[in-house]
Amino acid sequence: MKNTNGTTRNFCGRTRREFLWETGCGFGAAALASLLAGDGVRAGEFANPLAAKPAPFPAKAKSVIFLFMYGGPSHIDTFDYKPSMVGMDGKTIAVKTFGRGGHKNEGRIIEPRWKFKQYGECGKWVSDLFPHVGGCVDDIAFLHSMTAESPIHGSAMLMMNSGRLQSGNPAIGSWLNYGLGTVNDNLPGFVVMLDRSGGPISGAKNWASGYMPATYAGTVFRAEGSPINDLSPRAGSSKLEQREVLDTLGALNEQHRQSRADNTDLAARIASYELAFKMQSHAPEAVDLSQETVATRSLYGLDREQTHDFGTRCLLARRLVERGVRFIQVYSGGAHNDHNWDAHGDLVVNHTKHAGATDQPIAALLTDLKQRGLFDETLVVWGGEFGRQPTAEYAVGTGRDHNSYGFTMWMAGGGIKGGVSVGSTDEIGSNAVDSPMHVKRLHATILQQMGLDPNSLSYFFRGLDQKLVGVEHVDLIAEIV
Amino acid sequence: MYGSRLLTLFSTALIVVELATLGYADAQVSFVRDVKPLLARRCFACHGPDAGEGGLRLHELKSAVAELDSGSHAIVAGQPEESVLLARVASTDEFARMPPEGKPLSEREIEILREWIAAGAPWEKHWAFVPPAQVEPPEVKEKAWVRNAIDAFVLARLEGADLPPVPPADQRTLARRAYFDLTGLPPSQEELQQFLSDDDPQAWERLIDKLLASPHYGERWGRHWLDLVRYAETNSYERDGAKPNAWKYRDYVIESFNEDKSYDQFLREQLAGDELDEVTEETIIATGYYRLGVWDDEPADPVQARYDEWDNLISTTSQAMLGLTVECARCHDHKIDPIPQADYYGMLAFFADVTPYGERGDEETNSQWDLSPRDESDQRKNLRKAIKEIEVEKTSMEEVGIKRMPAPDQRLTETSDRQQVLDEKLERYLNPSEWELYEETLARLAAARKEFDALPAAKMALALGTCEPHPAAIHIMQRGNPHVPGDEVAPHFPELFGDAVPEIPAAEPGARSAGRRRVLADWIASPDNMLTARVIVNRVWQHHFGRGLVRSSSNFGELGTPPTHPELLDWLANWFVAHNWELKALHRLIMNSSTYRMLSQGNERALAMDPTNDLLWRFDMRRLSGEEIRDAMLAVTGELNRDVYGPSVFPPMPQEVLNTQSMPGKGWGKSSAAEAARRSVYIHLKRSLLPPLLTAFDLPDVDASCEARFVTVQPGQALTLLNSEFAHERAEKLAERVSSERADLTAQVARAVELALNRPATEGEIAAGRGLIARLAKGHELTERAALETWCLAVLNLNEFVYLD
C-alpha cells in the first residue's frame, strides 16, 4: 500500500496516529490507550503524544528557528536591490498595488532609503540596514519572489503561520510536533518567544494547534522570570517540598490504579507529574544565560541596549536547539504601529529601529550555530508576513503600505544552499515576476528539510485529509536545497 | 506514524472488523457492516476513489466488477472461484498476496469476502443512507438483566460473544456518575447522603428525575451543544472584536435543555426562528446560531470571505445536525459519499439570505436585532442612521485635513491616537471656511447623539438583524473558486436523501427574509429525515458513555466509523421521534438501563476478548472535562456560585497570558470574586484568549464544530493543577473549609478527601495526609495550616478526583 510519494498510508491517507486521534477523541481513554499499546507503550509508561517519531524521509534539519519580522519589512530597503529606482524619488508612476489602503493604480515612488553594498563571494547586494547579516550571505538563500494571499496583517499572519487565511488551522510548529514529536520530553517541542512590546495581532491564534489537540500548540517561552506559565511552584515553596507532594500523590494514585490497571491513562497521568517535575528544572536551566561566556553574550549584542532583547531571544533559540526543541519562533516586533516593522509613517525611523535591534543578533545566531556545528541541522528562516510597497502610502512622507504581491524571505542552514538568490520582483519591487513563490512553497520546503513529505503529511478532519500546504500538490523550492 | 506502526494499525483494523460480527450468532455477512469497511480499510488506498492500480477501483459496484488491466475480473458475482480478488487475498505467495503490506487478511475476513461474492456480491447502500429500520428488541437468555430495550440489544450481542456484562456499580459510584453526567458537578455530601439513605426501590429513578430538573442540567448538556456550533463570543482575526449579546444565545441553549424543548423545535428555532409561524424573542435569539462563527472584518478578498462564512455555516449545520461532512463538495464532488458539488451549493442556496456578519465599522445592522417595541426600535433605527450619516460627513472633512499632514501624523490618525491628533492639529490643516463647516457638523452630531441617548435603552439580541429577502442566484463555483461561477443551482436537499426539490416561492415585497431557511429547517427537523434523529440519539449516547455507538458522531458518511450496535441505534432513533424528540425522556431511558449502571472495572477475560469495550460489557471510565474540573474544584471548596444565566464573566487571567496579546488586557474584563466563581460555561470565550486551565484540559478550538473533545494526558496539565494561582487559591479555600468544619487535624485531613471524592477517607489516606503534613512542618518549616493547604492541593490533584468510574 504505497502511494505515489512512497509513504505508506492506510485508507484515505490517514496514518495510524491520525486514525487514533480522530476516533480517539470520541473514545474511552482506556480504549485509546489500549490501542496505543501496540506502539510499545506499556502500562506505567507515559504515552506522550509528543514522543519522538522517526522522520519518514532523510531529514536535513532537526530544528527550525523562524525569525518572524512581524509587521512586514520592506524588501527593497533590505535585501532586494533595486538600483534602477535611484533618482525616481517622488515621481508618480502607474503601478497596481494592494495594501491596507485598498487597491491603487498609481503612486509616488519612495526610493530605497539605504545604500546597498556587495557582500561575500556571491556578491550579494545588501542594504546598510543589515551589515552584519551581509557578512553571512554566502550561507543564505534569498527568496525574492515570495507572494502571499493577503496584505492585511490578521489574515496574512495566519497564512504565514498556518498556511491559511482563515482562523482555526494548526501552525507550522504544530505540524512539525505532530509529524515528528519532540526529542526532549522536558521541554515543549514548539516554542514561541515574543517581543517585549507585546504579542502580534491575533495573539495566540498564531501558534494555536487549530483542529489538532492542544498538545501540539506552541508554548510561549520567556527570557525573564518563569519561562513557561505555571512552571514554578508557588513562591516560597521549595523543590523538595514539591517532591514530598508528588511522592504522596504518586503513592495514593498508585493505590487507586490497582483495581483499574487496564486504564493506562491513569499510569500515564502519574508519569506526567514526574515529567512536569523534571520540566521545572530543565526549562529554567535552558534559559539560564549565565552559563554563556562573555564573548558569546557580546556576540549576540546582549551588552548593548539596542540589541539586548532580540539578542537574548536569539541566544535562547540556539540553546533550545541544543536541547532538541523542534520549532522555535522568535518575534521581532510586537503590538502595533512602530513597535513592529509596520512602517506606515516614517520608514527611516521604523526600519532603523528594527533592523538595528536585529541585525547583529541574527548574524550572531548564524555564526554561533556554525561554530558549534549546529548550522547544518538547524534551518533558519527570516521574514515577515509580507513586504512593503515601492510607493508612498500618504501624500507626504516615506511610509510604505503592505505588499503581498512580491517580497523577500530568506533561509539558511539545515541543508539550504548558501549564496543563492531565487526569483525576482519587477524593477521597483511591486510584484514578483520571475518564478513567484507562494507561502505554501516555503512551508513545503521547511517540512521537506525536516524529513516530512509536505504533500502527504495530513490530518483527517472535517471529512478531509487536511495538509499544511493544502489539497493541491505543492513543489518545494528546489533551487535552494 | 509511518512504516513501523502499520502492523499494529492493521491488527487494530482487524479487531474492529471482527468485533463487527462478534456476538451476532446467526450472522449473515452484510455488505454494509462487514464487507465495505473491510475493503475501505485494506484496499481503497490503491484500489479506491483516488487510485485504480491495475484498473481496479473497489469503491463502486461498476468499477469493482469491471474487467481489469490483466483481462480478468476482481469480482465475479456469485462465483468466488472466478474472482481474482479472493485468489489474491488468500494467496500464500508473499509477492502475489494482497494487500502487499501489513498483515494478510484473517481467515474470517477472507471468508466474509467469499460468502459475500457467493451470495452475488450484493452492493447495498451505506447504512446511514437508508431510513432507520423498524427493529424489535432481540430475545436474550438472561432476562433478569434487561431493564429496558437498550439492555436487550446490548445483552444479545454480549451473549452471542459469550461475554457476560460486569456487575452493577455501587450506589455511591453511581451517584457520582449521574451527578457529573447530568449536571457536570459532584454531589454535595448532603445530597449524596440523602440518596444513599433512600431505601425506596425507585431511589435511582428519582435521583435522575431530580437531576434532570436541576438548572445545572442545561448548563452541562447545553455546553455539549455549544461545542457543536463552535460557540464563542468574539470574531477572531486581528481585532478579535466582541460579539455583543452572544451570551443570550448561550442562555437560550441552556434554557432549551432545561425546559426540555423538543429537539426538532430546537433545531427549527436556530435555523429559522425569524421565519416560524410564531416568532418570539426566544426564537429570534435562537438565530444567533448564524452569528457565532469567525469573521474577518478586513478580508483581503471580500468575495472569498463571504463564501468562507457560508462554508463555515454549511459545515457546522451539516455536521452538527445531519452528521454529514459536505465540505469536500465545495470544490468537487465528494469522493466517497454520494454528495455531488451541486448539493453543496444547493445547500448554500438555502442560506442565501444570510447576510455577512457585518462590515468594518458596522457590526450592528446585520447581526443585532432590536427586540424593543416596534415604534421604539424604528425610532432608534432612524436616529442611528442619521448619526451614521453625520459621522460620514465628519470623517470626510477630517480626511481633507489629514491628507495635508505629515505621514507620521497621518499614520497616527489610523490608530487609537486619532482623536488626539485631530484635537491638536486639525484646525491648522483646514482653511477657515472648512473649519467652520466642520464645527457645525460636530454640533449637529452632538445633538443627534444626545437625542439617541435619551431614548430608552435598547434590548438587543445577536441574530439575523438584516436578511437578503431576494438573494441573487447561487452558482456552483468551479473548483470552489468564488470568482469562477458555473451553473446556477436552486435550493435543494442533498440527492442522497432522495427527496423532491422543494418549491419555494420568491419572497413577497416587503418581506424581511427569503423564506428558504424555514424550508430547510422543516426538512432537517422532520421525522422522515433519515439522519437527524439518529445523529442526536448517538450524541446523547456519546455523552453518557464517553463515545457514540457511531464513534465519528459528526460523520455518518462512508468515511465515518460504522455503528457498534446498528439495530440499537435505529431503535433509539425511532423511539426518540415517537417520544416527541424529548431529550429528558431519552436520558431517563438510557440511565435507567442496566447497561448504564455497570461497574467500570474490567476482568481479564473480557479485556482480552474486547479490549476497547465495543460490546459494552462494562462502563468506561472517563476523565472530567476542563469545565468539570474547574467547577468541581470550586464546588468542593464551597465557593461555587450557582447563579444561572446572564452576561459572561471574566475570571482573573494571568498577566503572562494577557501579555501574548498585541494590546495586553484588551477585551478581558474584570469580574467580582463572586462572579469569577461562576460555572465555567459562563466564562467569556474570547477566541484569541481562551482560559488556560480549560485549554490545558482539552477545551476544543472554538473556530470549528467539535463532535468530541480530545482527552489528552500531558505534563502541562500537571503544572496547571499544581502551580497555577487558581489551584493554589482552591487549596487554600479547601483548607479553610475543612478547618472550619472539623476541629482536629486528622478529621480535617479526612474531610478534604471526603469532600473531593464523595467517599470517606481510608486509613491509608489519612496516614498519608498526616505524614505529608508532618514532614512539611518539620522538614520545611511550614505552618500546620500551610501544610494542610498543601495536602488539599494534593487531594485536588488525585487521579480519582479527575477520573470518574
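**Entry 1: the model.** I note before anything else that this is a predicted model.

**Entry 2: where the chains meet.** I looked up the contact between the chains and found 109 residues of chain B touching 101 residues of chain A. I then asked which element of chain B gives the largest share of its side. That turned out to be helix α30 of chain B, residues 715-723, with 7 residues. I also sorted chain B's side by residue type and got 44 nonpolar, 39 polar and 26 charged.

**Entry 3: two helices in chain B.** Next I picked α8 (residues 171-183) and α10 (residues 203-213) of chain B. Their axes lie 10 Å apart, at an angle of about 25°. Angles under 35 degrees count as roughly parallel, so that is what I call α8(B) and α10(B). The crossing of α8(B) past α10(B) is right-handed. From α8(B), the contact uses L174(B), A175(B), A178(B), Y179(B), L182(B) and T183(B). From α10(B), I wrote down W204(B), L207(B), I208(B), L211(B) and L212(B). By type, the residues of this contact are 10 nonpolar and 1 polar, with no charged ones.

**Entry 4: a strand in chain A.** Is β10(A) mostly covered or mostly open? I found it mostly covered: 6 of its 6 residues, 378-383, are buried. In a regular strand the side chains alternate between the two faces of the sheet. I checked each side: T378(A), V380(A) and W382(A) are buried on one, and L379(A), V381(A) and G383(A) are buried on the other. For partners, I have β1 of chain A (residues 63-69), which pairs with β10(A) in the parallel sense over 6 bridges. Within that pairing, S63(A) has T378(A) as its bridge partner. I also have β13 of chain A (residues 407-412), which runs antiparallel to β10(A) and is joined by 3 bridges. There, V381(A) stands opposite M411(A).

**Entry 5: a glycine in a loop.** I ended on G560(B), which sits in the loop between α22 (532-545) and α23 (566-578) of chain B. Why do I file G560(B) as buried? Its count is 24 other C-beta atoms within 10 Å, and a residue is buried if that count is 20 or more. Leaving out residues up to four places away in sequence, G560(B) touches V550(B), S552(B) and N555(B). I also looked up T325(B), 235 residues from G560(B) along the chain, and found their C-alpha atoms separated by 9.6 Å.

Terms used:
Residues numbered from 1 in each chain as written. Chains lettered and ligands numbered in written order. Predicted model: local features only at pLDDT ≥ 70, side-chain atom pairs only at ≥ 80, totals over all residues. Contact = placed C-beta atoms within 7 Å. Helix = DSSP H or I, 4+ residues; strand = E, 2+ residues; numbered from the N terminus. Nonpolar A, V, L, I, M, F, W, Y, C, P; charged D, E, K, R; others polar. Axes fitted to C-alpha atoms, helices over the stretch in contact; angles between N-to-C directions. Parallel < 35°, antiparallel > 145°, perpendicular 65-115°, else oblique. Left-handed = near helix turned anticlockwise from the far one by under 90°. Buried ≥ 20, exposed ≤ 12 C-beta atoms within 10 Å, placed from the backbone. Pairing = 2+ DSSP bridges.
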